Amino acid sequence: MQELTVLTWNLFHGRDAPPNAALHTLQSRILRRDEHDATHVQVNRALQDEFAAVIAGADWDVCLLQEAPPYWDAALARAAGAASYVALTSRNLLGPIRARLARWNPDLMGSWEGGSNITLVRPPWQIADAPRALLVNPLPGRGLRERRRMSFVRLHGSGLRLCVANLHLTAGSRSHAEREAMYACEIAVRWAGAATPLIVGGDLNLRPRTTDVFEILQRDRGLGPPTGANSLDHLLARGLEVVRPSAPWPPARRELEVSTGLGIRRLRLSDHAPVEATFGVR
């Protein structure tokens, strides 16, 4: 049996998220001024290098990223020593202009900088053939909601095979997220086939304590288990042995020390904690 560690992380469009929400001030958003409290700093600047350092420094084989700035793909892959597949999600019209504005003022642009799901794969695992991307909330049911895509890759390594699906489901509507989860997992299982192990991971925007979707997916698709009862980010597996179940990182693991005019403060990346799990592949 070969162990495989998988990480999923919603990057919050490459922004920081201090525990003290009061640090997100109008002056910071408009004037790009750093704000501090006794322990943390809030900044309004491009944080590609900081995110790349945390991602590259973590021990994983496959990394699933959501709300990732699309133009980060090559830099993250290079820093992590990984192959990559990027699937554009929403708000990517006039992408180069949006990207330039987001580099200048990330907090002002927010999700309007455009988004993507990025799948990173480290050796000995390799992307086996052409990846796929599926729109999981097609019109007309989507209405004015953002497009949500599932990316699907087949991997091989050391004589083993594996399929991985990376998705970010609709926020703010449990019923929409539930329908998207059921549809995406149905397609992922079909694409993987009966004999190939499968991982479906990402920001599902569903908490196990408020929905029975995870019970249905476990019963009907063999996909599970979810993370904690209150988690939105999950790594669901089929045909794999759970060595270490999915669990969020403690906050300190996504924090960096930075020097400010008031001394050293902590910079906390993203409003989501990375979720990590280890599986056995046969």
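User: Is Thr227 buried or exposed?
Analyst: Buried, with a relative accessible area of 11%. Buried means under 20% (1.4 Å probe, protein chains only). This is a predicted model, where local features need pLDDT of at least 70 and side-chain atom pairs count only at pLDDT 80 or more, while totals for chains, interfaces and linings use all residues. Residues are numbered from 1 along each chain as its sequence is written, and side-chain values use heavy atoms, with hydrogens and water left out.

User: Where does Thr227 lie?
Analyst: In the loop between H7 and S12. Helices (H or I, at least four residues) and strands (E, at least two) are DSSP runs, numbered from the N terminus.

User: What does Thr227 touch?
Analyst: Leaving aside residues up to four places away in sequence, Thr227 touches Pro208, Asp233, His234, Leu235, Ser246, Ala247, Pro248 and Val275. Touching means heavy atoms within 4.5 Å.

User: Which backbone oxygen lies 2.8 Å from a polar atom of the Thr227 side chain?
Analyst: That of Asp233.

User: Switching to pockets. Which residues line the second largest pocket?
Analyst: Arg207, Asn230, Ser231, Leu232, Asp233, Pro248, Asp271, His272, Ala273 and Val275. Lining residues have an atom within 4 Å of a point on a 1 Å grid over the protein atoms alone; a pocket is an open set of points with protein on both sides within 12 Å along at least five of seven lines.

User: How much space lies in the second largest pocket?
Analyst: About 160 Å³. A volume is the space filled by probe spheres set on the points, which are joined across faces, edges and corners.

User: And what is the volume of the largest pocket?
Analyst: About 240 Å³. Of its 20 lining residues, His13, Glu67, Glu146, Arg148 and His168 are the closest to its centre.

User: How many cavities of 30 Å³ or more are there?
Analyst: Two. A cavity is a set of points where a 1.4 Å probe fits but cannot get out.

User: Last one, H6. How many residues does H6 have?
Analyst: H6 (174-192) has 19 residues and reaches 26 Å from first C-alpha to last, close to the 27 Å expected. The expected span is 1.5 Å times one less than the number of residues.

User: What follows H6?
Analyst: Gly193, with a positive phi near 85 degrees.

Terms used:
Buried means under 20% relative accessible area, exposed over 50%, partly exposed in between (1.4 Å probe, protein chains only). A polar contact is a pair of N or O atoms within 3.5 Å; within protein, one must be able to donate a hydrogen and the other to accept it, and residues adjacent in sequence count only if both atoms are side-chain atoms.
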